[in-house]
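I opened my notebook for a first look at a new structure. Here is what I looked up, entry by entry.

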Amino acid sequence: MQAHLGPIHDARKREWLLEINAQHSVEECQLWSETIDRTGYGRIWFGGQWRLAHDVMWEVVNGRLPDHLTLDHYIINVAPEACSRACINVLHLEPVTSAENTLRGRGMGAQQARKTHCIAGHLLAGENISAAMLKRGRRVCLVCKRLKEAERQAQKRVQEVYSHHLERLWWTN
């Protein structure tokens, strides 16, 4: 692990980041050209640790974020083809809660969280969703679950009657 190079080194990086920021316009992404992690985010050694480049850029330009907020690359969600996770343009970032950031995302969790109705059109809220399933990150329509279980039970009864009937026919021949 790298040793912290101290406040002078961070001050030079701060100046360098401010120069980069001065080149930004609202429309243009400023893609981080240094270390990129496997998820596509820029990384920088700053303050004695590896940090997200867009977080450090925000901090240098606007000051520290409150602990309950995170930065959202909101341009990605508005025009996905126009921006990337490696963008450090502070004009493309917005401080939001972690929950809001998730809801704005394109991942499976975000898609599920935005759903208001199941595939059959039942409302996914209140008594129609299981609290136990919510804790595991899933929302299951209880109306559909009950209908599916009733259909399974009916099929099971038909199978039992059919098996019994076949058995009787076999013994009578």
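This is a predicted model: local features need pLDDT of at least 70, side-chain atom pairs count only at pLDDT 80 or more; totals for chains, interfaces and linings use all residues.

Residues are numbered from 1 along each chain as its sequence is written, and side-chain values use heavy atoms, with hydrogens and water left out.

Entry one: β2. I found this strand (a DSSP run of E, at least two residues, numbered from the N terminus) at residues 42–46, with four of its five residues buried. Buried means under 20% relative accessible area, with a 1.4 Å probe and protein chains only.

Entry two: its partners. I saw β1 (residues 35–36) pair with β2 in the antiparallel sense over two bridges; pairing takes at least two DSSP bridges. Here T35 faces R43 across the pair. The β1 and β2 hairpin has five residues between the strands, and G40 there has a positive phi near 95 degrees.

I then followed β2 to β3 (residues 49–52), an antiparallel pair joined by four bridges. F46 sits opposite Q49 of β3. This hairpin leaves two residues between the strands, and G47 has a positive phi near 65 degrees.

I located R138 in the loop between α6 (131–135) and α7 (142–172).

Note on methods. Buried means under 20% relative accessible area, exposed over 50%, partly exposed in between (1.4 Å probe, protein chains only).
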